[in-house]
Amino acid sequence: MSIVNRARPEIRALKAYQAAEQVDDTIRLNANESPSTCSTGHFRRPLNRYPEVRPLALQAALAKRFGSKTEQVLVTRGSSEAIDLITRAFCSAGQDNIVLPSPTFSMYAHYAAVQGAEIIQVPSGEDQEFRINIDAMLAACTDATRVVFVCSPNNPTGATVPREDLLQLINERRNLSAVVIDEAYVEFGREPSVVDLVDSHPNLLVLRTLSKALGFAGARCGAVVGNPDVLALLSAIQAPYALSTPVIECVEDGLQAECLEAADRAIQALIDERDKLSQAIAALPFVVKVWPSDANFFLVRVLDARRIMEQCASHGVLLRHFGGELEDCIRISVGSRAENQRLLQVLNSSETT
Ligand SMILES: Cc1ncc(COP(=O)(O)O)c(C=O)c1O
């Protein structure tokens, strides 16, 4: 059985939108486009024309970056859109469920709620340092589990899930659930991506984003790397022309070798800053614990999280507080050296100590 059979029957029956044909060097009177444009932007493709339904050159460039085949990539508007597409493709409202650890990135539960799917959260447990417990997640799966989400490195804890644990999850849910490994922060960690497992594991979907390490959050571009049959289901739901011409060209430029080299240098600088900043924060008297992180942020347990949030905000520095099981924790994104220095200055000021 293929994992495609676990998708919603109505999605499996869906025919992808038939867009007007796009052929170079032809007179295009088939798409109700304007023959002219007043755009002053400088783009390689004419802005009065629709972009490709799916941006093939960008897809190929991303595949090269991820080390996958071109047909194993679906380009999305940020990886947020990918989470939405996967949940909609696999979960029937009021019937199916998703399984995810807690705490983790909130958008998995958000899109499941939008879709009317049940959300089964598996606590990672403070006593276990918020380590994602794959055995507990497997035990929580039911016959109605269509998607299992794991974020690695996890947001907001920063920890990478060992590859053998991910393999166990993917293998044990083979033919039963799509297993989504969200690698939004993988470039900041020590473990390689699991994209190489896509060939041999058709239920694996790897999420990648250009919003973090590559610095393109404003462009809204991400991707799902997975089995082409599963991607065809997601593509049937995704809006035609989802990626606009300015975004396609901006990201194509960002994937050129010299930009990637600059990005690699920026990633290394950020990792160095993360390690320095987290050490300095760990030494502050009101800090109880700093979790080691493989991401561009780290989680900190403090004596009075709300007071520190207010104190920093009053000095124009914004941090993230989630409440609930993380009531006494704050997530700190690593900024530039100057921004990090400013944060330390504020935290060292007498009001917070
Ligand atoms: C784990 C994780 N996945 C996905 C996303 C969404 O990223 P994008 O900007 O690609 O939609 C985020 C954003 O913070 C994230 O933390």
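Trainee: Which residues lie nearest the centre of the largest cavity, and how many residues line the cavity?

Mentor: Rolling a probe the size of a water molecule over the atoms shows where empty space is left. In this predicted model, the largest cavity has a lining of 13 residues, and those nearest its centre are Ser152, Thr160, Glu183, Glu191 and Pro192. The volume of this largest cavity is about 100 Å³, and its lining is made up of 7 nonpolar, 3 polar and 3 charged residues.

Trainee: How many nonpolar, polar and charged residues are in the lining of the second largest cavity?

Mentor: That lining has 10 nonpolar residues, with no polar and no charged ones; among them are Ile281, Phe286, Val300 and Leu347. The second largest cavity holds about 40 Å³ of space, and β9 (297-302) and β10 (329-333) each give at least two residues to its lining.

Trainee: What area is buried between domain 1 and domain 2?

Mentor: The size of an interface is often given as the accessible area lost when the parts come together. Here domain 1 covers 3-255 and domain 2 covers 259-348, and about 2000 Å² is buried between them, with carbon and sulfur atoms giving 56% of that area. Of the area that domain 1 buries against domain 2, Phe130, Pro156 and Phe188 supply 31%, more than any other three residues.

Trainee: How many salt bridges are found across this interface of domain 1 and domain 2?

Mentor: The rule finds 2 salt bridges across the interface of domain 1 and domain 2.

Definitions and conventions: Residues numbered from 1 in each chain as written. Predicted model: local features only at pLDDT ≥ 70, side-chain atom pairs only at ≥ 80, totals over all residues. Heavy atoms only, no water. 1 Å grid on protein atoms, 1.4 Å probe; cavity = no way out; pocket = protein on both sides within 12 Å on 5 of 7 lines; lining within 4 Å. Points joined across faces, edges and corners; volume = space filled by probe spheres on them. Nonpolar A, V, L, I, M, F, W, Y, C, P; charged D, E, K, R; others polar. Helix = DSSP H or I, 4+ residues; strand = E, 2+ residues; numbered from the N terminus. Domains from an automatic or database assignment. Buried area = accessible area lost by both parts, 1.4 Å probe. Salt bridge = Lys/Arg side-chain N within 4 Å of Asp/Glu carboxyl O.
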